[in-house]
Amino acid sequence: MDARFLGIAELVETPSVAVVVDVMRAFTVAAWAFGQGAEKIVLAESLQDALALKAGRPDWVTLKDGPPAPGFDAVNSPGLLRSLDLGGRTVVQKTTAGTVGALAVKEASLVLCASFVVAEATARLLRTRGGDGVTFVVTGEDGQADEDLACAQYIARRAMAAETDAAGFLRRAAESRAAAELATGVRQGVHPDDVELCLELDRFPFAMVATLESSLMVLRPAR
């Protein structure tokens, strides 16, 4: 498998297969939402779009980065989300990097959204459906976020069925700028357990596949 690792701004053409990685925290949160029973996640283009989607659907759950805000039901924190019952609900998610990256490759034939908590399931799906070339979209810090790059590299190695020790990759993520900002309160809308939850390897047994449904980019779990 030929793997490329690109930032969002480096996507000059639509890849055939894309794995969009956001460890801290969009696609850790998305996995937790499915773990809490959510049926699907709609990836919103903007905060305004997220609120507009909810306006006619009061049972939908909206979440965003940062502190709580009027109209939003939750924030982009796995530690805070794990207390919510999302059984059968639709979640609308808008984040700074993860959702932007997924929407940037929405025309790809296969789009997976990933983090460490779904790493093995993502690699397993790539082994069966990934083909010869996969583009990993490193969403954080203009493609320089080491927690996202480490996760992408780990998944790529596992997809090639290589025996791979995750410890070094997880260590890089734990020592990343994002982890430090979460741990020290630089970022808002944070639970004290967020970093630990983002580094919980293979917490969930599913991959997450995003597809266009009408005009919406919709994320669903795939086992």
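Which residues are buried in H1? Before I answer, a word on the basis: this is a predicted model, in which local features need pLDDT of at least 70 and side-chain atom pairs count only at pLDDT 80 or more, while totals for chains, interfaces and linings use all residues. Residues are numbered from 1 along each chain as its sequence is written, and side-chain values use heavy atoms, with hydrogens and water left out.

To the answer, then: in H1 the buried residues are Ala26, Phe27, Thr28, Val29, Ala30, Ala31, Trp32, Ala33 and Phe34, where buried means under 20% relative accessible area, exposed over 50% and partly exposed in between, with a 1.4 Å probe and protein chains only. Helix H1 covers residues 26-35, and because nine of its ten residues are buried, the helix is largely enclosed by the rest of the structure. After H1 comes glycine 37, which has a positive phi, near 105°.

Let me turn to the sheet. It is an open sheet of ten strands with mixed pairing, in the order S1-S8-S2-S7-S9-S10-S3-S6-S4-S5, where two strands pair if DSSP finds at least two bridges between them. At its edges stand S1 and strand S5 (74-75), each with a single partner strand, so one side of each is left without a neighbour in the sheet.

Strand S10 (residues 216-222) pairs with strand S3 (residues 40-43) in the antiparallel sense over three bridges, and leucine 219 in S10 is the bridge partner of isoleucine 41. S10 also pairs with strand S9 (residues 207-213), again antiparallel, over seven bridges; among the partners in S10 are leucine 216 for glutamate 213 and alanine 222 for alanine 207. The hairpin of S9 and S10 has two residues between the strands, and serine 214 takes a positive phi near 60° there.

Within strand S4 (residues 61-64) we find threonine 62, which counts as buried because its relative accessibility is 0%. Leaving aside residues up to four places away in sequence, threonine 62 touches Ala50, Lys54, Gly71, Phe72, Asp73, Ala74 and Val92, a contact being heavy atoms within 4.5 Å.

Next, the aromatic residues. The structure holds five aromatic pairs, and rings of Phe, Tyr and Trp (its six-membered ring) pair if their centres lie within 6.5 Å, with planes under 30 degrees apart counted as stacked, over 60 as edge-to-face and the rest as tilted. Phenylalanine 5 and phenylalanine 136 have ring centres 5.3 Å apart and planes at 20°, so this pair is stacked. Since phenylalanine 5 lies in strand S1 (residues 2-7) and phenylalanine 136 in strand S8 (residues 133-138), the pair ties together parts that are 131 residues apart in sequence. Phenylalanine 5 is partly exposed, at a relative accessible area of 31%, whereas phenylalanine 136 is buried, at 0%. Ring pairs also link Trp32, Phe34, Phe204 and Phe206 into a cluster.

I will close with helices H6 (146-159) and H8 (177-184), each of which supplies at least two residues of the lining of the largest pocket. By class, that lining has five nonpolar, seven polar and eight charged residues, where Ala, Val, Leu, Ile, Met, Phe, Trp, Tyr, Cys and Pro count as nonpolar, Asp, Glu, Lys and Arg as charged, and the others, Gly among them, as polar.

How values were computed: Helices (H or I, at least four residues) and strands (E, at least two) are DSSP runs, numbered from the N terminus.
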